[in-house]
Structures are given as structure tokens and as C-alpha cells.
Amino acid sequence: MISSRLQIFIIAMLLAMSGLFVVWYKVVFLGVPLTPHDKRSVFTVTAEIDLEGEGGPSSVSLRVPTEHKGMKILEREGEAGDFGMTTSTLESGSFLQWSKRKFEGRTKLFYKVTVTPEALYNPKVRSDMGWETQTGYDVTQFWEASEQAAAEGILNDAWEHSADAASLAAQLIAMFNAKMPSDAVKELLAKKNETTVTLITALLAREKIPFRKVRGVLLEDGQKKRRASTLLEVQGENENALFSFKAGRISLPKQFFVWYRGNGPMMTSKGIAKARLRFSVSESKVAASMLSKREALRQGSDFLNFSLDTLPSSQQNAFKKLLLLPIGALVVVIFRILIGVRTMGTFMPVLIALAFIQTTLVSGLLMFFAILSSGLIVRSYLSRLQLLLVARISAVIIVVISIMSVMSIVSFKLGIDEVLKITFFPMIILSWTIERMSILWEEAGGKEAMIQGGGSLIVAIAAFFAMDNSFIRHLTFTFPELLLIVLSLVILIGRYTGYRLSELIRFAPLAER
Amino acid sequence: MKLVSFGALRRKNVIGLNYRNIELIGRYNPRSHYPLVDNKLMTKSLAAEWGVPVTELYATIERQSQLRQLHEILEPYKSFVIKPDHGSGGKGIIVVTHREEDVFIKASGEALSLPDLRKHISNILSGLYSLGGRYDTAIIEKVVAFDPMFADYSFEGVPDVRIIVYRGYPVMAMMRCPTRESDGKANLHQGAVGVGIDLKTGKALSAVIHNRPVTHHPDTHHDFAHLMVPEWGRLLTMASACYEMTGLGYLGADLVFDKNEGALLLELNARPGLAIQIANGKGLRRRLDTVDAQKHARSAKERVLFSMYEME
């Protein structure tokens, strides 16, 4: 049999651990922000297509990005202008198509993607949209003989100095970027319409090495009308190697937004004289809480689907208050058990604190004193009338509510709005406080009533500061599982058999002798 | 205002309220047994069964309608005490020491009329003094005849002896002497003197008022050093017997001395306070541990002997 002390400890630990685990999961994997003002970067990547028409039926088809690891797509939006806009999902990927029967002159089409980098985001990528295993189409077969010979030379050289597909690609990139390139490389670079990128890919295709191009944009604020950056990915036996056409082997930059992995074109057009695809990037900071809420609603993570954010807003507001109560209760537990403050009733201070939250602290306190003292005066007179207890307390409540009504009307006429905030709820609590205080006064005398009333007020103010704190409000509402931690704390403190702070004073004469 | 460290209190074996609530009350006082002590009528009849002497019961008032006959009910009695059945901490108790026709004179000399008493009893019935504000019964009982041997240590009231009984063993005792400040009540909160009593001899050990040490009674100016509780062994045995009577492992027994009848059980308390430690200048912890170390069952008499001669 485990001792009850150990049981308590184990239960408290389990509760705290499960609470912490859920919080950790939500923060790390679902990106729920820990602080209310946590800001995150959101990038808007705009693909801009400049078109010049030929006057006939025209269509443009743009490959649209799919999600990948570490980068979350929040929104996609296409702008059609006077074109018709459709989407299509083919085996080779997703496309957005603009089309028009008769297109003349110039126009611009836009496609916007809002993305945010999220290190641990890992979407399910459709495997059929992934790797193109077949080797690229060999264009070098149409080259002139001398160029083919140069290509052969380069490849032989690279072959000798490499071990596998990845090192061969690395070798090729190094040869094309060398300060003093070989004659063969120079000859190929002199070819019309060819760039390092096209030449290297052509050579890789000639060598029948499986590769694909990785095209995307670097997420940096203020990029305007840039071409897509192109990286090279080569299939190795175990893992794929990524290359920059300039710098050799690299790993995927964190801020790199991959638009398309594959060797097909980014954009195809029909009946268009001139089409140009450019990308712009702009960054904005968005409150992270907004972001995750929007995400949860749109995409529906199973976990966040059960979050309180999904409730209608009126219920949300009720819960915002309700979830603060345990915090207030924790404050009461700490003050009573650890510090040893005497209070009226157990949770009266929490209710008073709730009333203060509605009225604001200073006006709440003023009102509290004004109404409490007038209520107690009325009570002391009523007690002379020899009424039965229940009737007497009811009479006090009626009188107190009349006082409050008069105060509200008078202050409204005087233009002080604060008093009007004492609505239904604080009114009930104040009346109840007066009742408790009067009973205590008769039972234990004025001194005890003052001690306990003052204690309640101190605890209420402490609870008010705890509950009114915007950070704590955010935490309790966004992470209701923190209640488990509060619960474990309360359970642990509930088994505390040590001295209260107040006992250090109370028993002081004892320790001195 | 002085402050001591946690360690200093621990060295003195002092126990705090949290310890009392969890380790003593929570562990040894089953809730179902509370009515036996919270309800004074039940305590009285139970004590009668077990042969523990108690104050004589005159009448009980359970309904407001009985108040009309209050005059008739009180008719035969020159002096009496009115108290709530479920009261605690001495709340709601009125002691009428003598009367002139329908004017009732309290111990303090204050005069009360019959309507005053009616109102007071009415308050008792509507639950003003009871734990949790439940409807209550008013008890009218005999006034304890003040034993003049304590005249030196009491001001306008009857001192009582509080004995803490832990699992049947008396572990600490104190006498509570009323003062002018306490309005004749033996209540430490209200300024009565708490006098620690030696378990072995019944002699005073030390005295405090409001947690501050004193040597003399503030009103009678007598030295507590000469105070000695008579019939000490019998008192301890009465208190110890309350363990079997109530089944409560942590218990406070309040006893008084009547001039004619000797020691009487006044009331029992299932949540006795810790001020007794201050009055004795000593913590309870070591004595509780001594009792916990006792393995075999003992009768009340044997337990008292153990407490008197073997405790510390």
C-alpha cells in the first residue's frame, strides 16, 4: 500500500505533467503562442505574370505551390482581371489557369500565397507530387558535334573525379563556377541562350542522372519582381543532395519557400506573345494568437478543434471569466494555507475579486467601503428592532440595493459613469459580503469581523491582480489544460503540514522562551 | 511584532494549524462522530451513559413558538445559562446569575429583560450561533456554582480546564481564567489568561494573555505560581474517558469545577486550538510522537498514569 502522501504526490505530478505536456504540444507543434503579444512573420509571396496578347484565344497556366515541411501556407488567392480562372490538379501537380477567348494588348495577372515559416510544421505531402524519378530529357543530342564533344569531355573529367551521382553533380557545378574554367566549359557557356543552369541540367540528363530542379523564392521583405531562384536536387542512393548552382552543395535555407520541385516549367502559355513570371515578397507581423485561431478554424487541427476558440463569442466570454476562477482559488489557497490570512468564507475573496474586475479596482474599492459601511450601519439599527435573523439579513440586502440604486442615479446625474458599472453580479456579491460580515460581527465581535473582512479584502485584491493580468488571462483561455497544473498545486498545498507564515508571529513567544 | 524561523518552531516541537488539520483532525477525527461533540445535548446524554458528570439540563427550546412560554419555563430557576446546542467558541452563551422578578442579571452585572432573552433565544433558534447557520436548539442549563478556591485567579467568571486528549492519552492541559477584558469568559481570544498546567502535578507552569507571558492575574494580581488544580488525576481520567465515548482521536475536553458537585464536563471540542502550546511554553509534537509509539491498548486509567509519569 502506497502511503497517502506518496499517492498525493504521484497524482499531483501526473496532473502537472499531463498539463505541461499538452501545453508543450500546443506551443511546439500547433504553434499556439505562449504570450498574448507574440508576433510572427507572415510573408505574402506574389507571383506576377506580365502578358502580351496576340489577339486570339489565350491561356496561361501557372503551377501553384504545395505545402512542405517547415513552411505553412495560410492563404492562396488568384486575381483574374477579365480572364476566366480555374484550377486543375493533374498527376504532374496543381495548376491555376487563366483563359480568355480574345486577348490583346498587355495585362498583369496575380497569384498570392500567404506563408509563415514554422520550424516543426510537417504536412502530409502527396507522394505523387514528389519525386520525378525518370531522368531529364537529353537535349544535348541536338547540339553540334563540337559541343557534344566538349560535353563529353566535361562529363568524363567529372566522372573521373567523382564517386556517385551527388559528387558528380558537385563536380560539374564546381567546374562551371571555376575562376579559370576549362576550354570545354567556356565553349559551352558561349552557346546562345544557355546558362549555367541549363547547361548543368543538360549534362546531368545526358549522363542519365535523376535530378529535379527546386524552384522557389527567398522570404525576405521587400523583394520585388525577382525571378524564381533555382536549386538542384540530385537523387542519391540513400538521400537526396541539394545544390546551389553557384555555391555547390547546400542544405535548404530556412527562409526558402519552395514553389515547385520538378523539371517541368513553372508556367506555360498558349496564344500569348510574351509572358513573364516574377515574384515579390512582403513581410508583415501578425499576432500569433490571431494566426493560430484563424488556422484552427480554417484547417481544423483535431486538437484545436476542441479549443475554446471554436465556441461562439458570447460563450467564449463567459469561459474567459470562468477559467479565471481557479486562479483566484489558487490565490486563496496560498493565502489561507501558506500565509495564514483569515478570510470570510472560503471563496468570498474570489467573488469580490470578480466584482472588482467588472468595476475596476479603485472604484470597486470605494464602492465596497461606501456600501459596506452604510450596510453595516443599517444592520446595527435593524438589530435593535428585534427581527429574526433571516428577516434582518433580507432587510439589509433590500436596503443595500436601494442605496446602490440611489448611488447609481446620483452619480449618473453628476456624470460619473464608474458607479453604473456595479451591475447585477457585483451587487449580489456586495450584499452577500454584508450579510457574512454582519453575522460575523454578531458572532465574534467587531474586531474579528474587521480582521476577517480585511483579510478577505487583501486576498481579493491579490486575486484581482492575478486574474486581471492579461498574460494570465491569455494563458488560462488559450491553455485550459493549465488548470491541471493549478489543480496539482492546490492538491500539493492541501497536504502541506508545515507552519503558516502567520504562525511564525503567533508562536514567536513560544520559541523565545 | 516578532518573527521566528521555521527551524526555531520545529526545535520547540510546535505544531501548526495545517499539521493539526491534516495529521490530527483529518486522520483521527471521523466526520461522522462530530455531532457527538458539536451537539451539546448529545454530549450530555452520552456523558451520562459513560458516567462522566455534566452540568444539569433544565430545559431545551426547539421552536420559536415555545418562546411564548419562556416566562413559565424560566419560572423555577433563579440562575441559569442559555446556550446554543451547536454553538462553538463560547458564542451565544448568556449566563444569568440571579434575577429580580423579570429582570435578569448577567454575570457582568448587565440587566436583561424577558424580551431581551426572547430575542437572544430566537437568534439561537434561527441559527445565528450554530456552525454553518443551521436551525438550532437553545439549551437552558444550571449555572456552574463558582468554586471559591479559584477566586484568586478569576474575574467575574468561571475558569475552566482544557485538556487535549490524543488517541486517549491526555497530552497537554491548560486552565483558562477569565479577566475583565474577556468579560468573564474563559476565552483566550477575548483576553482570558491561558495557564499551562503540568500533566503530572496539576500545578501551573506558565501563563499568557494574548500570547504574551504574564506571571500575575491582571485583575486580581495573584501570582499563578501558586495555582494548583485539585483532583488532577480524576480530571485527567474524565478527559481520557471521552476518547472511548466519542471515538475522536484528537479532542479537547473542557472541564469546570462546581462548588457542590466537583469537576464537571462542560463541553467537548473536535477541533481544539493550538494556543495551549503557547500557554505551556511547549510544543505538542514530541508528546504526540510518544503516544504514537505506544503499541498496546490501555484503559483510561492506565493512559492517565502513563501521561502523568511517562510523558517527557
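Q: Which residue of β9(A) stands opposite K213(A)?
A: That's L232(A). Next along, V214(A) stands opposite L231(A) in β9(A).

Q: Before I go on, what kind of model is this, and how are things numbered?
A: This is a predicted model, where local features need pLDDT of at least 70, side-chain atom pairs count only at pLDDT 80 or more, and totals for chains, interfaces and linings use all residues. Residues are numbered from 1 along each chain as its sequence is written, while chains are lettered from A and ligands numbered from 1 in the order in which they are written.

Q: OK. Which way do β7 and β9 of chain A pair, parallel or antiparallel?
A: Antiparallel: β7 (residues 211–218) and β9 (residues 229–234) of chain A share six bridges. Two strands count as paired if DSSP finds at least two bridges between them. Helices (H or I, at least four residues) and strands (E, at least two) are DSSP runs, numbered from the N terminus.

Q: And what holds strands of a sheet together in general?
A: Backbone hydrogen bonds, in either a parallel or an antiparallel arrangement.

Q: How many bridges join β9(A) to β10?
A: Four, and β10 (residues 241–244) of chain A runs antiparallel to β9(A). In that pair, E233(A) stands opposite L242(A).

Q: What's the strand order in the whole sheet?
A: It goes β11-β10-β9-β7-β12 in chain A, an open sheet of five strands with antiparallel pairing. At the edges are β11 (248–250) and β12 (256–261) of chain A, each pairing on one side only. On average, neighbouring strands of this sheet are turned by 40° against each other, direction ignored.

Q: Which helix packs on that sheet?
A: Helix α3 (residues 165–177) of chain A, which touches β7, β9, β10 and β11 of chain A. Its direction makes about 5° with that of β10(A). For angles like these, axes are lines fitted to C-alpha atoms (for helices, over the stretch in contact), and values run from 0 to 180 degrees between N-to-C directions. Touching here is a contact, where two residues have C-beta atoms, placed from the backbone, within 7 Å.

Q: Switching topic: how many helices and strands are in chain A?
A: Chain A has 16 helices and 14 strands. Of its 513 residues, 31% are buried. A residue is buried if 20 or more other C-beta atoms lie within 10 Å of its own, exposed if 12 or fewer, and partly exposed in between, with C-beta atoms placed from the backbone.

Q: And chain B, how many helices and strands there?
A: Chain B has 10 helices and 13 strands, and 45% of its 312 residues count as buried.

Q: How many residues of chain B are in contact with chain A?
A: 30 residues of chain B, against 25 residues of chain A. The largest share of the chain B side, five residues, comes from α2(B). By class, that side has 15 nonpolar, nine polar and six charged residues. Nonpolar means Ala, Val, Leu, Ile, Met, Phe, Trp, Tyr, Cys and Pro; charged means Asp, Glu, Lys and Arg; the others, Gly among them, are polar.

Q: Back to chain A. How many residues of α9(A) are buried?
A: 11 of its 12, so α9(A) is mostly covered. Among the buried ones are M348(A), L351(A), F356(A) and T359(A).

Q: What span should α9 of chain A have?
A: Helix α9 (residues 348–359) should span 16 Å at 1.5 Å a residue, and its end C-alpha atoms are 17 Å apart, which agrees. The expected span is 1.5 Å times one less than the number of residues.

Q: What follows α9(A)?
A: T360(A), with a positive phi near 70°. Most residues other than glycine have a negative phi.

Q: Where in chain B is N13(B) found?
A: N13(B) is in the loop between α1 and α2 of chain B. Its phi is positive, about 60°, although it is not a glycine. N13(B) is partly exposed, with 17 other C-beta atoms within 10 Å.

Q: Last one: is T478(A) buried or exposed?
A: T478(A) counts as buried because it has 24 C-beta neighbours inside 10 Å. T478(A) is in helix α13 (residues 470–478) of chain A. The C-alpha atoms of T478(A) and V32(A) are separated by 7.9 Å, with the two residues 446 apart along the chain.
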